[in-house]
Amino acid sequence: MTVTAYLALGSNLGDRADQLKQAIRKLHARPGICIKRVSAIYETDPVGFVEQDAFLNMVIAAETSLSAEQLLQAALSIEQELGRVRTVRWGPRTLDIDLLLYGDSCIEQEHLRIPHPEMTKRAFVLIPLQDVWSGETLPVYNHSISHYLSDLPQDQKGVRKWGTIDWETESVPSES
Ligand code: GSY
């Protein structure tokens, strides 16, 4: 049995676009994970700890035969493989992979909450999710992405399209 899972990727340290691309390639190379759709890349103003550089964010849809826990472990180990550096909590990071949705599951565990509890409050998640989301309402939340986006104040959006990624080839969009 396979499930479609949605993952959010973000980076604001080092070669941001290359790190996103490597993360997608590494996820796809893992047994039981097949990347189906990738959003555009968006440059986004930092949320939370605002005194840091802009992020590149994107969302990917993956078909997986892994459990949600196994998928989370794969994401965490890829963050480590790509040399995740996080100096300050909520601060700059080379790569962040968050599991947003796992089919229509609702999971409440200490280290794994699905759907991601903050996803409907973050334009840097909702806008790229729109690129790859094929359904109407979001599972468990039961409203559409545009419903949640229209609830966000304009000044919290801070999301600009930056480029697209061709993760299946060697070329990477340039940071300059
Ligand atoms: O939650 C992921 C890390 N993160 C981000 C992010 O990915 N993008 C933006 N724009 N702000 C963020 N603040 C944190 S923490």
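The model is predicted: local features need pLDDT of at least 70, side-chain atom pairs count only at pLDDT 80 or more, and totals for chains, interfaces and linings use all residues. Residues are numbered from 1 along each chain as its sequence is written, and side-chain values use heavy atoms, with hydrogens and water left out.

**Largest pocket**

- The largest pocket has a volume of about 960 Å³; a pocket is an open set of points on a 1 Å grid over the protein atoms alone where a 1.4 Å probe fits, with protein on both sides within 12 Å along at least five of seven lines.
- Its volume is the space filled by probe spheres set on the points, which are joined across faces, edges and corners.
- The lining of the largest pocket has 32 residues, and W90, D96, D98, H116 and R122 lie nearest the centre; a lining residue has an atom within 4 Å of a point.
- At least two lining residues come from each of β1 (3-11), β4 (55-64), α2 (68-81), β5 (96-102) and β7 (113-114); helices (H or I, at least four residues) and strands (E, at least two) are DSSP runs numbered from the N terminus.
- Strand β5 gives the largest share of this lining, four residues.
- The lining has 14 nonpolar, six polar and twelve charged residues, where Ala, Val, Leu, Ile, Met, Phe, Trp, Tyr, Cys and Pro count as nonpolar, Asp, Glu, Lys and Arg as charged, and the others, Gly among them, as polar.

**Helix α1**

- Helix α1 (residues 16-29) has 14 residues and reaches 20 Å from its first C-alpha to its last, close to the 20 Å expected at 1.5 Å a residue; the expected span is 1.5 Å times one less than the number of residues.
- Buried residues of α1 include L20, A23, I24 and L27; buried means under 20% relative accessible area, exposed over 50%, and partly exposed in between (1.4 Å probe, protein chains only).

**Residue T44**

- T44 is in strand β3 (residues 41-44) and is buried, with a relative accessible area of 1%.
- Not counting residues up to four places away in sequence, T44 touches A54, F55, N57, F124, G158, V159 and R160; contact means heavy atoms within 4.5 Å.

**Backbone features**

- Most residues other than glycine have a negative phi, and most peptide bonds are trans.
- The peptide bond from I114 to P115 is cis, with omega near -5°.
- V140 has a positive phi of about 70° and is partly exposed, with a relative accessible area of 40%.
- N142 has a positive phi near 65° and is exposed, with a relative accessible area of 52%.
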